[in-house]
Amino acid sequence: MPSMTESIVAAAASRIGKRVLHLDRNDYYGGMWASFTFEALQKWLDECRNGKTNDFVKTSSPLVQDTEKSITIGNQFSTVFNIEEKWFIPEKLPSVGNLLSAKNTQTEDSPKESKDGLTETEATLKQNDKLWCQAKIKTMGRKFNLDLAPKLLFSRGTLVELLISSNISRYAEFRCVNRILTWQSNKLETVPCSRADVFATKNVGLIEKRQLMQLLTLCVEYKPESGEFKGFEDKTLKQYLESKSLTENLMHYVLYAIAMSNDTTPCMVGVERTQRFLSSLGRYGNTPFLWPMYGTGELPQCFCRLCAVFGGVYHLKRAADSVIVANNECKAILSDGSRLDCDHLVMGVADAPPEFLGSVPKAGLSRGIFIIDRSISTTDKESLTLLQFPIKGKEPITVIEAGPSTHVCPPGLYLLHMTTKQIDNAVNDLKPAVDALLHSEYADGTTIRINTDTQSTQTSKEGDSSASSGESNILNESLKPQILYALYFNCPETSEYDLSQNVPSNVYLCSGPDLAVDYEFAVKQAKSIFSKMYPDSEFLPRAPDPEELSLEVDEAAGPPFQSSEEPKEE
(Lines give C-alpha, C1' and ligand atoms only; values in the text may rest on other atoms or scores of the structure.)
Protein backbone atom coordinates (compact mmCIF):
# COMPACT_ATOMS: atom_id res chain seq x y z
CA MET A 1 0.00 0.00 0.00
CA PRO A 2 1.28 3.50 -0.76
CA SER A 3 2.32 4.70 2.67
CA MET A 4 5.13 7.21 3.19
CA THR A 5 8.31 5.20 2.56
CA GLU A 6 6.80 3.11 -0.23
CA SER A 7 5.50 6.25 -1.97
CA ILE A 8 8.95 7.87 -1.89
CA VAL A 9 10.59 4.74 -3.32
CA ALA A 10 7.91 4.45 -6.02
CA ALA A 11 8.37 8.09 -7.06
CA ALA A 12 12.15 7.69 -7.19
CA ALA A 13 11.93 4.51 -9.31
CA SER A 14 9.37 5.97 -11.70
CA ARG A 15 11.44 9.15 -12.06
CA ILE A 16 14.39 7.21 -13.52
CA GLY A 17 12.16 5.36 -15.99
CA LYS A 18 11.38 2.14 -14.13
CA ARG A 19 7.95 0.53 -14.46
CA VAL A 20 6.09 0.84 -11.18
CA LEU A 21 2.83 -0.85 -10.17
CA HIS A 22 1.37 0.24 -6.85
CA LEU A 23 -1.39 -1.96 -5.42
CA ASP A 24 -3.46 -1.00 -2.38
CA ARG A 25 -6.31 -2.97 -0.87
CA ASN A 26 -7.74 0.31 0.50
CA ASP A 27 -9.73 2.94 -1.35
CA TYR A 28 -7.48 5.73 -0.06
CA TYR A 29 -3.77 6.60 -0.17
CA GLY A 30 -1.35 6.60 2.74
CA GLY A 31 -2.03 3.44 4.73
CA MET A 32 -1.11 4.17 8.37
CA TRP A 33 0.00 7.67 7.26
CA ALA A 34 -3.43 8.61 5.92
CA SER A 35 -5.73 11.50 6.84
CA PHE A 36 -9.46 10.80 7.15
CA THR A 37 -12.69 12.70 7.23
CA PHE A 38 -14.76 11.83 10.28
CA GLU A 39 -16.92 9.38 8.29
CA ALA A 40 -13.87 7.73 6.72
CA LEU A 41 -12.29 7.39 10.16
CA GLN A 42 -15.35 5.51 11.40
CA LYS A 43 -15.13 3.16 8.42
CA TRP A 44 -11.43 2.56 9.10
CA LEU A 45 -12.15 1.82 12.76
CA ASP A 46 -14.83 -0.71 11.81
CA GLU A 47 -12.36 -2.47 9.49
CA CYS A 48 -9.74 -2.55 12.26
CA ARG A 49 -12.20 -3.95 14.79
CA ASN A 50 -13.53 -6.56 12.40
CA GLY A 51 -10.12 -7.52 11.03
CA LYS A 52 -10.97 -6.99 7.35
CA THR A 53 -9.67 -9.86 5.25
CA ASN A 54 -9.41 -10.78 1.59
CA ASP A 55 -10.14 -14.06 -0.12
CA PHE A 56 -6.55 -15.18 -0.50
CA VAL A 57 -5.37 -17.33 -3.37
CA LYS A 58 -4.64 -20.90 -2.34
CA THR A 59 -1.02 -22.02 -2.32
CA SER A 60 -1.94 -24.74 -4.82
CA SER A 61 -2.84 -22.20 -7.49
CA PRO A 62 -1.93 -23.27 -11.05
CA LEU A 63 -0.14 -19.92 -11.37
CA VAL A 64 2.51 -21.20 -8.96
CA GLN A 65 5.15 -23.50 -10.45
CA ASP A 66 6.39 -26.67 -8.73
CA THR A 67 9.71 -25.07 -7.79
CA GLU A 68 8.03 -22.02 -6.31
CA LYS A 69 6.39 -21.31 -2.97
CA SER A 70 3.35 -19.11 -2.38
CA ILE A 71 3.37 -17.09 0.86
CA THR A 72 0.14 -15.42 1.97
CA ILE A 73 0.21 -11.68 2.55
CA GLY A 74 -0.49 -10.38 6.08
CA ASN A 75 -3.57 -8.50 7.25
CA GLN A 76 -2.84 -4.83 7.86
CA PHE A 77 -5.93 -4.27 10.01
CA SER A 78 -4.80 -6.77 12.64
CA THR A 79 -1.86 -4.49 13.50
CA VAL A 80 -4.08 -1.79 15.07
CA PHE A 81 -5.29 -2.77 18.53
CA ASN A 82 -6.51 -1.48 21.91
CA ILE A 83 -9.00 0.76 20.11
CA GLU A 84 -11.10 2.89 22.45
CA GLU A 85 -13.52 5.51 21.20
CA LYS A 86 -15.50 7.83 23.48
CA TRP A 87 -17.88 10.79 23.19
CA PHE A 88 -18.02 13.41 25.96
CA ILE A 89 -21.11 15.21 24.64
CA PRO A 90 -24.75 14.13 24.08
CA GLU A 91 -26.08 12.83 20.80
CA LYS A 92 -28.35 15.86 20.41
CA LEU A 93 -28.66 19.22 22.11
CA PRO A 94 -31.60 19.85 24.45
CA SER A 95 -34.49 21.96 23.21
CA VAL A 96 -34.52 25.71 23.94
CA GLY A 97 -37.18 25.16 26.61
CA ASN A 98 -34.99 22.61 28.41
CA LEU A 99 -32.00 24.92 28.14
CA LEU A 100 -34.01 27.76 29.72
CA SER A 101 -35.22 25.57 32.57
CA ALA A 102 -31.71 24.25 33.17
CA LYS A 103 -30.38 27.80 33.15
CA ASN A 104 -33.01 29.00 35.63
CA THR A 105 -32.17 26.21 38.04
CA GLN A 106 -28.52 27.29 38.02
CA THR A 107 -29.28 30.93 38.99
CA GLU A 108 -31.89 32.05 41.53
CA ASP A 109 -32.82 35.35 39.88
CA SER A 110 -32.05 35.09 36.22
CA PRO A 111 -32.46 38.42 34.36
CA LYS A 112 -34.99 38.51 31.57
CA GLU A 113 -32.78 40.64 29.35
CA SER A 114 -29.08 40.18 28.68
CA LYS A 115 -26.44 42.90 28.61
CA ASP A 116 -26.55 42.83 24.81
CA GLY A 117 -30.22 43.83 24.85
CA LEU A 118 -31.36 40.33 23.90
CA THR A 119 -34.24 38.54 25.53
CA GLU A 120 -33.46 35.46 27.57
CA THR A 121 -34.67 33.18 24.77
CA GLU A 122 -32.58 35.02 22.15
CA ALA A 123 -29.53 34.93 24.39
CA THR A 124 -30.04 31.22 24.97
CA LEU A 125 -30.30 30.57 21.25
CA LYS A 126 -27.08 32.50 20.71
CA GLN A 127 -25.31 30.51 23.43
CA ASN A 128 -26.68 27.32 21.92
CA ASP A 129 -24.40 27.92 18.91
CA LYS A 130 -21.41 27.44 21.23
CA LEU A 131 -22.67 24.10 22.53
CA TRP A 132 -21.70 20.87 20.80
CA CYS A 133 -23.37 17.53 20.30
CA GLN A 134 -22.49 14.39 18.36
CA ALA A 135 -24.97 15.12 15.58
CA LYS A 136 -23.54 18.62 15.08
CA ILE A 137 -19.99 17.32 14.72
CA LYS A 138 -21.06 14.51 12.38
CA THR A 139 -22.76 16.99 10.04
CA MET A 140 -19.36 18.72 9.74
CA GLY A 141 -17.55 15.41 9.25
CA ARG A 142 -16.20 16.25 5.78
CA LYS A 143 -14.40 19.30 7.16
CA PHE A 144 -12.10 17.12 9.27
CA ASN A 145 -8.72 15.74 8.20
CA LEU A 146 -7.81 13.37 11.02
CA ASP A 147 -4.22 12.10 10.83
CA LEU A 148 -3.29 8.58 11.85
CA ALA A 149 0.39 9.63 12.08
CA PRO A 150 0.71 13.40 12.66
CA LYS A 151 4.23 14.67 12.05
CA LEU A 152 6.10 17.91 11.45
CA LEU A 153 8.88 18.79 9.03
CA PHE A 154 12.13 20.41 10.12
CA SER A 155 12.62 23.48 7.92
CA ARG A 156 16.09 22.23 6.98
CA GLY A 157 15.32 18.55 7.40
CA THR A 158 15.83 15.86 4.81
CA LEU A 159 12.20 15.80 3.70
CA VAL A 160 12.02 19.55 3.04
CA GLU A 161 15.28 19.40 1.11
CA LEU A 162 13.98 16.41 -0.86
CA LEU A 163 10.69 18.15 -1.66
CA ILE A 164 12.60 21.17 -2.96
CA SER A 165 15.33 19.34 -4.89
CA SER A 166 12.84 16.97 -6.56
CA ASN A 167 10.33 19.77 -7.27
CA ILE A 168 7.60 17.82 -5.46
CA SER A 169 6.97 20.79 -3.16
CA ARG A 170 4.64 22.25 -5.82
CA TYR A 171 2.09 19.56 -4.94
CA ALA A 172 1.70 20.63 -1.29
CA GLU A 173 1.08 23.64 0.94
CA PHE A 174 2.60 24.21 4.36
CA ARG A 175 2.20 26.42 7.36
CA CYS A 176 4.78 27.29 10.00
CA VAL A 177 4.36 26.01 13.53
CA ASN A 178 4.22 29.35 15.32
CA ARG A 179 4.33 28.20 18.93
CA ILE A 180 6.33 25.65 20.92
CA LEU A 181 5.20 25.02 24.49
CA THR A 182 6.56 23.08 27.41
CA TRP A 183 4.94 21.85 30.63
CA GLN A 184 6.74 23.12 33.70
CA SER A 185 5.61 23.65 37.31
CA ASN A 186 2.13 22.38 36.39
CA LYS A 187 1.52 25.02 33.73
CA LEU A 188 2.22 25.68 30.07
CA GLU A 189 5.15 27.93 29.17
CA THR A 190 6.21 29.26 25.78
CA VAL A 191 9.64 28.08 24.65
CA PRO A 192 11.89 30.90 23.38
CA CYS A 193 13.22 29.84 19.98
CA SER A 194 14.95 32.83 18.40
CA ARG A 195 17.61 35.08 19.96
CA ALA A 196 14.97 37.81 20.30
CA ASP A 197 12.64 35.38 22.10
CA VAL A 198 15.39 34.35 24.51
CA PHE A 199 16.07 37.92 25.61
CA ALA A 200 12.37 38.88 25.66
CA THR A 201 11.07 35.98 27.77
CA LYS A 202 10.40 36.50 31.45
CA ASN A 203 10.59 32.80 32.22
CA VAL A 204 14.41 32.77 32.07
CA GLY A 205 16.62 34.98 34.20
CA LEU A 206 19.33 37.27 32.82
CA ILE A 207 22.21 34.99 33.84
CA GLU A 208 20.28 31.99 32.50
CA LYS A 209 19.84 33.76 29.16
CA ARG A 210 23.60 34.21 28.82
CA GLN A 211 24.19 30.57 29.75
CA LEU A 212 21.56 29.44 27.26
CA MET A 213 23.05 31.45 24.39
CA GLN A 214 26.54 30.13 25.18
CA LEU A 215 25.29 26.55 25.28
CA LEU A 216 23.34 26.84 22.04
CA THR A 217 26.35 28.44 20.31
CA LEU A 218 28.51 25.49 21.47
CA CYS A 219 26.04 23.02 19.98
CA VAL A 220 25.71 24.85 16.66
CA GLU A 221 29.46 25.26 16.17
CA TYR A 222 30.38 21.81 17.49
CA LYS A 223 32.88 19.79 15.47
CA PRO A 224 34.23 16.35 16.46
CA GLU A 225 37.79 17.67 16.74
CA SER A 226 36.79 20.41 19.19
CA GLY A 227 36.72 18.05 22.17
CA GLU A 228 33.84 19.93 23.83
CA PHE A 229 31.96 16.72 24.61
CA LYS A 230 34.99 14.57 25.34
CA GLY A 231 34.20 12.18 28.17
CA PHE A 232 30.46 12.40 27.62
CA GLU A 233 30.21 9.99 24.68
CA ASP A 234 28.86 7.27 27.00
CA LYS A 235 26.85 9.61 29.24
CA THR A 236 23.47 11.24 28.98
CA LEU A 237 22.67 14.73 27.76
CA LYS A 238 21.31 15.54 31.21
CA GLN A 239 24.69 14.70 32.78
CA TYR A 240 26.43 17.05 30.34
CA LEU A 241 23.98 19.86 31.15
CA GLU A 242 24.55 19.29 34.86
CA SER A 243 28.30 19.64 34.29
CA LYS A 244 27.63 23.12 32.92
CA SER A 245 25.99 24.10 36.23
CA LEU A 246 22.71 24.98 34.54
CA THR A 247 19.66 25.70 36.67
CA GLU A 248 16.78 23.23 36.75
CA ASN A 249 14.68 25.77 34.86
CA LEU A 250 17.22 26.08 32.04
CA MET A 251 17.88 22.34 31.88
CA HIS A 252 14.15 21.75 31.41
CA TYR A 253 13.96 24.06 28.38
CA VAL A 254 17.05 22.56 26.74
CA LEU A 255 16.37 18.91 27.55
CA TYR A 256 12.65 18.65 26.80
CA ALA A 257 11.84 21.50 24.40
CA ILE A 258 14.94 22.15 22.28
CA ALA A 259 16.74 18.78 22.30
CA MET A 260 13.35 16.98 22.48
CA SER A 261 14.93 14.37 24.72
CA ASN A 262 14.51 12.88 28.19
CA ASP A 263 16.66 11.99 31.19
CA THR A 264 18.13 8.90 29.50
CA THR A 265 18.92 10.34 26.03
CA PRO A 266 22.62 9.80 25.14
CA CYS A 267 24.61 13.02 25.08
CA MET A 268 25.66 12.92 21.42
CA VAL A 269 22.13 12.02 20.29
CA GLY A 270 20.87 15.04 22.20
CA VAL A 271 23.52 17.27 20.63
CA GLU A 272 22.52 16.08 17.16
CA ARG A 273 18.86 16.82 17.90
CA THR A 274 19.76 20.26 19.24
CA GLN A 275 21.77 21.05 16.10
CA ARG A 276 18.87 19.98 13.91
CA PHE A 277 16.47 22.16 15.91
CA LEU A 278 18.71 25.23 15.79
CA SER A 279 19.73 24.86 12.13
CA SER A 280 16.07 24.96 11.07
CA LEU A 281 15.27 28.17 12.93
CA GLY A 282 14.44 31.23 10.87
CA ARG A 283 14.20 29.61 7.45
CA TYR A 284 10.43 29.92 7.11
CA GLY A 285 9.35 31.21 10.50
CA ASN A 286 10.20 31.72 14.14
CA THR A 287 10.19 27.99 14.94
CA PRO A 288 12.00 25.12 13.15
CA PHE A 289 8.85 23.28 12.02
CA LEU A 290 6.38 23.15 9.15
CA TRP A 291 2.96 21.49 9.05
CA PRO A 292 1.33 20.25 5.82
CA MET A 293 -2.03 21.87 5.15
CA TYR A 294 -4.98 19.45 5.07
CA GLY A 295 -3.05 17.02 7.27
CA THR A 296 0.04 14.87 6.97
CA GLY A 297 -1.78 12.39 4.73
CA GLU A 298 -1.15 14.83 1.88
CA LEU A 299 2.58 14.05 1.76
CA PRO A 300 2.42 10.40 0.60
CA GLN A 301 0.00 11.57 -2.10
CA CYS A 302 2.53 14.15 -3.32
CA PHE A 303 5.03 11.40 -4.10
CA CYS A 304 2.26 9.27 -5.62
CA ARG A 305 1.43 12.13 -8.00
CA LEU A 306 5.02 12.37 -9.18
CA CYS A 307 5.19 8.61 -9.66
CA ALA A 308 2.02 8.72 -11.77
CA VAL A 309 3.30 11.65 -13.85
CA PHE A 310 6.31 9.56 -14.91
CA GLY A 311 4.29 6.45 -15.76
CA GLY A 312 3.60 4.75 -12.44
CA VAL A 313 0.32 2.82 -12.28
CA TYR A 314 -1.88 2.91 -9.17
CA HIS A 315 -4.65 0.45 -8.47
CA LEU A 316 -6.68 1.10 -5.34
CA LYS A 317 -9.05 -1.49 -3.85
CA ARG A 318 -6.85 -4.28 -5.16
CA ALA A 319 -4.52 -6.23 -2.90
CA ALA A 320 -1.54 -8.45 -3.39
CA ASP A 321 -2.79 -11.82 -2.13
CA SER A 322 0.47 -13.75 -1.92
CA VAL A 323 4.17 -13.60 -2.75
CA ILE A 324 5.75 -16.19 -5.06
CA VAL A 325 9.25 -17.11 -3.89
CA ALA A 326 11.92 -19.39 -5.39
CA ASN A 327 15.62 -19.66 -4.49
CA ASN A 328 15.30 -16.88 -1.88
CA GLU A 329 14.02 -14.45 -4.48
CA CYS A 330 10.59 -13.00 -5.14
CA LYS A 331 9.48 -13.99 -8.63
CA ALA A 332 5.97 -12.54 -8.67
CA ILE A 333 2.88 -11.71 -6.67
CA LEU A 334 -0.63 -13.11 -7.03
CA SER A 335 -3.42 -10.54 -7.12
CA ASP A 336 -7.06 -11.10 -7.89
CA GLY A 337 -6.33 -14.38 -9.69
CA SER A 338 -3.50 -12.93 -11.80
CA ARG A 339 0.23 -13.48 -11.63
CA LEU A 340 2.32 -10.30 -11.80
CA ASP A 341 6.05 -10.86 -12.28
CA CYS A 342 8.40 -8.34 -10.65
CA ASP A 343 12.08 -7.54 -10.27
CA HIS A 344 11.66 -5.91 -6.85
CA LEU A 345 8.90 -5.93 -4.24
CA VAL A 346 8.51 -3.12 -1.71
CA MET A 347 5.89 -3.58 1.00
CA GLY A 348 5.00 -2.29 4.44
CA VAL A 349 5.29 -4.33 7.62
CA ALA A 350 1.49 -4.24 8.00
CA ASP A 351 1.11 -6.27 4.78
CA ALA A 352 4.15 -8.49 5.22
CA PRO A 353 3.67 -12.25 5.72
CA PRO A 354 4.37 -13.28 9.33
CA GLU A 355 7.38 -15.38 8.30
CA PHE A 356 9.01 -12.25 6.79
CA LEU A 357 8.76 -10.42 10.12
CA GLY A 358 10.42 -12.94 12.41
CA SER A 359 10.54 -11.63 15.98
CA VAL A 360 9.48 -8.05 15.24
CA PRO A 361 7.33 -6.96 18.22
CA LYS A 362 3.71 -6.00 17.79
CA ALA A 363 3.67 -3.13 20.30
CA GLY A 364 5.10 0.29 19.60
CA LEU A 365 3.10 3.54 19.58
CA SER A 366 0.28 4.86 21.74
CA ARG A 367 -1.89 7.33 19.84
CA GLY A 368 -4.67 9.69 20.84
CA ILE A 369 -6.86 11.91 18.65
CA PHE A 370 -9.01 14.50 20.43
CA ILE A 371 -11.58 16.95 19.10
CA ILE A 372 -11.69 19.87 21.56
CA ASP A 373 -13.64 23.10 21.82
CA ARG A 374 -10.72 25.51 22.31
CA SER A 375 -6.94 25.73 22.31
CA ILE A 376 -4.90 24.33 25.18
CA SER A 377 -3.41 27.83 25.57
CA THR A 378 -5.59 30.53 24.07
CA THR A 379 -4.04 33.65 22.54
CA ASP A 380 -5.31 36.51 20.41
CA LYS A 381 -4.51 34.56 17.25
CA GLU A 382 -4.95 30.92 16.39
CA SER A 383 -1.70 29.03 16.91
CA LEU A 384 -0.28 25.85 15.45
CA THR A 385 1.35 24.31 18.49
CA LEU A 386 3.95 21.70 19.41
CA LEU A 387 4.36 20.50 22.98
CA GLN A 388 6.73 17.86 24.33
CA PHE A 389 4.99 16.84 27.56
CA PRO A 390 7.70 15.45 29.89
CA ILE A 391 7.20 12.17 31.74
CA LYS A 392 9.92 11.44 34.27
CA GLY A 393 11.90 8.34 33.33
CA LYS A 394 9.90 7.78 30.12
CA GLU A 395 9.64 9.11 26.59
CA PRO A 396 7.81 12.45 26.47
CA ILE A 397 4.32 12.67 24.99
CA THR A 398 4.38 14.58 21.71
CA VAL A 399 1.36 16.89 21.51
CA ILE A 400 0.41 18.67 18.27
CA GLU A 401 -2.54 21.07 18.19
CA ALA A 402 -3.99 22.32 14.89
CA GLY A 403 -6.90 24.66 14.31
CA PRO A 404 -9.31 25.40 11.47
CA SER A 405 -6.84 27.58 9.53
CA THR A 406 -4.86 24.42 8.70
CA HIS A 407 -8.01 22.87 7.15
CA VAL A 408 -8.05 19.90 9.51
CA CYS A 409 -11.22 20.80 11.44
CA PRO A 410 -14.27 23.08 11.21
CA PRO A 411 -14.30 26.61 12.68
CA GLY A 412 -14.79 26.68 16.43
CA LEU A 413 -12.94 23.40 17.00
CA TYR A 414 -9.36 22.22 17.42
CA LEU A 415 -7.62 18.89 16.84
CA LEU A 416 -5.19 17.63 19.44
CA HIS A 417 -2.86 14.71 18.62
CA MET A 418 -0.86 12.82 21.23
CA THR A 419 1.83 10.23 20.52
CA THR A 420 4.20 8.38 22.81
CA LYS A 421 6.02 5.08 23.18
CA GLN A 422 3.73 2.24 24.23
CA ILE A 423 4.24 0.95 27.77
CA ASP A 424 0.75 -0.27 28.66
CA ASN A 425 -2.05 0.87 26.35
CA ALA A 426 -2.87 4.19 24.72
CA VAL A 427 -5.39 5.28 27.39
CA ASN A 428 -2.99 4.75 30.29
CA ASP A 429 0.13 5.92 28.45
CA LEU A 430 -1.44 9.27 27.49
CA LYS A 431 -3.34 9.81 30.75
CA PRO A 432 -0.79 12.22 32.34
CA ALA A 433 -1.07 14.68 29.45
CA VAL A 434 -4.84 14.26 29.11
CA ASP A 435 -5.41 14.94 32.82
CA ALA A 436 -3.10 17.96 32.81
CA LEU A 437 -4.30 19.64 29.62
CA LEU A 438 -7.93 18.67 29.02
CA HIS A 439 -11.33 18.68 30.72
CA SER A 440 -12.53 15.10 30.41
CA GLU A 441 -15.84 15.17 32.30
CA TYR A 442 -19.07 14.63 30.39
CA ALA A 443 -20.64 17.84 29.03
CA ASP A 444 -24.44 17.53 29.15
CA GLY A 445 -25.11 20.25 26.57
CA THR A 446 -26.86 22.63 28.99
CA THR A 447 -23.92 24.50 30.52
CA ILE A 448 -21.77 27.08 28.75
CA ARG A 449 -18.22 26.78 30.04
CA ILE A 450 -16.08 29.88 30.51
CA ASN A 451 -15.25 31.47 27.17
CA THR A 452 -11.57 32.20 26.58
CA ASP A 453 -10.77 34.79 23.96
CA THR A 454 -7.35 35.94 25.14
CA GLN A 455 -4.38 34.54 26.97
CA SER A 456 -5.07 36.96 29.85
CA THR A 457 -8.15 34.98 30.84
CA GLN A 458 -6.12 31.80 31.23
CA THR A 459 -3.12 32.93 33.27
CA SER A 460 -3.38 34.47 36.70
CA LYS A 461 -1.34 37.56 37.42
CA GLU A 462 1.71 37.22 39.64
CA GLY A 463 0.98 38.17 43.21
CA ASP A 464 -2.78 37.95 42.76
CA SER A 465 -3.98 36.45 46.01
CA SER A 466 -7.63 37.44 45.68
CA ALA A 467 -8.65 33.85 44.94
CA SER A 468 -8.00 30.92 47.18
CA SER A 469 -6.08 27.89 45.91
CA GLY A 470 -9.31 25.89 45.78
CA GLU A 471 -11.05 28.55 43.72
CA SER A 472 -7.99 28.77 41.47
CA ASN A 473 -8.05 25.02 40.83
CA ILE A 474 -11.76 25.16 39.92
CA LEU A 475 -11.12 28.10 37.59
CA ASN A 476 -8.17 26.38 35.89
CA GLU A 477 -10.26 23.25 35.36
CA SER A 478 -13.04 25.28 33.74
CA LEU A 479 -10.55 26.96 31.42
CA LYS A 480 -9.23 23.66 30.05
CA PRO A 481 -10.46 22.60 26.60
CA GLN A 482 -13.46 20.28 26.75
CA ILE A 483 -12.92 16.93 25.08
CA LEU A 484 -15.79 16.40 22.67
CA TYR A 485 -14.52 13.18 21.09
CA ALA A 486 -11.54 10.97 21.88
CA LEU A 487 -9.96 8.06 20.03
CA TYR A 488 -7.15 5.91 21.42
CA PHE A 489 -5.28 3.10 19.68
CA ASN A 490 -1.94 1.30 19.54
CA CYS A 491 0.07 0.35 16.48
CA PRO A 492 3.52 -1.18 15.81
CA GLU A 493 6.76 0.81 15.76
CA THR A 494 9.49 -1.10 13.94
CA SER A 495 12.04 1.60 13.10
CA GLU A 496 14.63 0.15 15.49
CA TYR A 497 14.49 -3.37 14.06
CA ASP A 498 16.30 -4.92 11.11
CA LEU A 499 13.55 -5.83 8.65
CA SER A 500 15.87 -7.45 6.09
CA GLN A 501 16.77 -10.60 8.02
CA ASN A 502 13.91 -12.92 7.03
CA VAL A 503 12.97 -11.67 3.56
CA PRO A 504 13.97 -12.78 0.04
CA SER A 505 16.86 -10.89 -1.52
CA ASN A 506 14.71 -8.58 -3.67
CA VAL A 507 11.96 -7.89 -1.10
CA TYR A 508 12.17 -4.70 0.96
CA LEU A 509 10.04 -4.11 4.04
CA CYS A 510 9.16 -0.56 5.09
CA SER A 511 8.45 0.51 8.66
CA GLY A 512 5.26 2.27 9.56
CA PRO A 513 5.14 5.58 11.46
CA ASP A 514 7.91 5.95 14.04
CA LEU A 515 8.05 7.79 17.36
CA ALA A 516 10.05 10.81 16.11
CA VAL A 517 8.23 14.07 15.53
CA ASP A 518 9.57 14.38 11.97
CA TYR A 519 10.02 12.33 8.78
CA GLU A 520 13.79 11.80 8.97
CA PHE A 521 13.58 8.02 9.36
CA ALA A 522 11.09 7.51 6.52
CA VAL A 523 13.27 9.46 4.06
CA LYS A 524 16.44 7.70 5.23
CA GLN A 525 14.82 4.29 4.82
CA ALA A 526 13.50 5.16 1.35
CA LYS A 527 16.97 6.25 0.22
CA SER A 528 18.49 3.04 1.60
CA ILE A 529 15.96 0.83 -0.21
CA PHE A 530 16.39 2.72 -3.49
CA SER A 531 20.20 2.46 -3.34
CA LYS A 532 19.92 -1.33 -2.94
CA MET A 533 17.52 -1.60 -5.87
CA TYR A 534 19.35 0.79 -8.24
CA PRO A 535 22.83 1.48 -6.83
CA ASP A 536 24.04 3.42 -9.86
CA SER A 537 21.02 5.73 -10.24
CA GLU A 538 20.31 9.17 -8.85
CA PHE A 539 17.71 9.34 -6.10
CA LEU A 540 14.76 11.54 -7.12
CA PRO A 541 16.35 14.02 -9.56
CA ARG A 542 14.48 17.26 -10.08
CA ALA A 543 11.24 16.92 -12.02
CA PRO A 544 10.74 19.60 -14.70
CA ASP A 545 7.96 22.15 -14.44
CA PRO A 546 5.20 21.90 -17.08
CA GLU A 547 6.46 25.03 -18.84
CA GLU A 548 9.94 23.48 -19.14
CA LEU A 549 8.66 20.54 -21.15
CA SER A 550 9.08 20.87 -24.91
CA LEU A 551 6.73 18.94 -27.17
CA GLU A 552 8.49 17.08 -29.95
CA VAL A 553 7.13 17.72 -33.46
CA ASP A 554 6.74 14.71 -35.69
CA GLU A 555 8.55 15.63 -38.93
CA ALA A 556 6.87 12.76 -40.76
CA ALA A 557 3.41 14.14 -40.14
CA GLY A 558 0.92 14.36 -42.99
CA PRO A 559 0.12 17.46 -45.06
CA PRO A 560 -1.47 20.42 -43.33
CA PHE A 561 -5.26 20.50 -43.10
CA GLN A 562 -6.99 21.95 -46.14
CA SER A 563 -10.60 22.94 -46.46
CA SER A 564 -12.68 20.95 -48.93
CA GLU A 565 -14.29 24.15 -50.13
CA GLU A 566 -12.50 26.13 -52.82
CA PRO A 567 -11.78 29.72 -51.92
CA LYS A 568 -14.12 32.20 -53.51
CA GLU A 569 -12.72 34.62 -56.08
CA GLU A 570 -13.27 38.29 -55.35
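## Basis

The model is predicted, so local features need pLDDT of at least 70 and side-chain atom pairs count only at pLDDT 80 or more, while totals for chains, interfaces and linings use all residues. Residues are numbered from 1 along each chain as its sequence is written, and side-chain values use heavy atoms, with hydrogens and water left out.

## Four-stranded sheet

An open sheet of 4 strands has the order β3-β12-β13-β14, with antiparallel pairing. Strands (E, at least two residues) and helices (H or I, at least four) are DSSP runs numbered from the N terminus, and two strands pair if DSSP finds at least two bridges between them. At the edges lie β3 (69–72) and β14 (338–341), each pairing on one side only. From one strand to the next the twist averages 30 degrees; axes are lines fitted to C-alpha atoms, for helices over the stretch in contact, and angles run from 0 to 180 degrees between N-to-C directions.

β3 is joined to β12 (residues 322–326) by 4 bridges in the antiparallel sense. Opposite Ser 70 stands Ile 324 of β12.

## Eight-stranded sheet

The open sheet of 8 strands runs β4-β20-β16-β19-β18-β17-β8-β9, and its pairing is mixed. Its edge strands, β4 (81–87) and β9 (187–190), each pair on one side only. Here the twist averages 20 degrees from one strand to the next.

Strands β8 (residues 179–184) and β17 (residues 385–389) run parallel and are joined by 4 bridges. Ile 180 has Leu 386 in β17 as its bridge partner. Helix α10 (residues 248–258) packs on this sheet and touches β8, β9 and β17, contact meaning heavy atoms within 4.5 Å. The direction of α10 makes about 130 degrees with that of β8.
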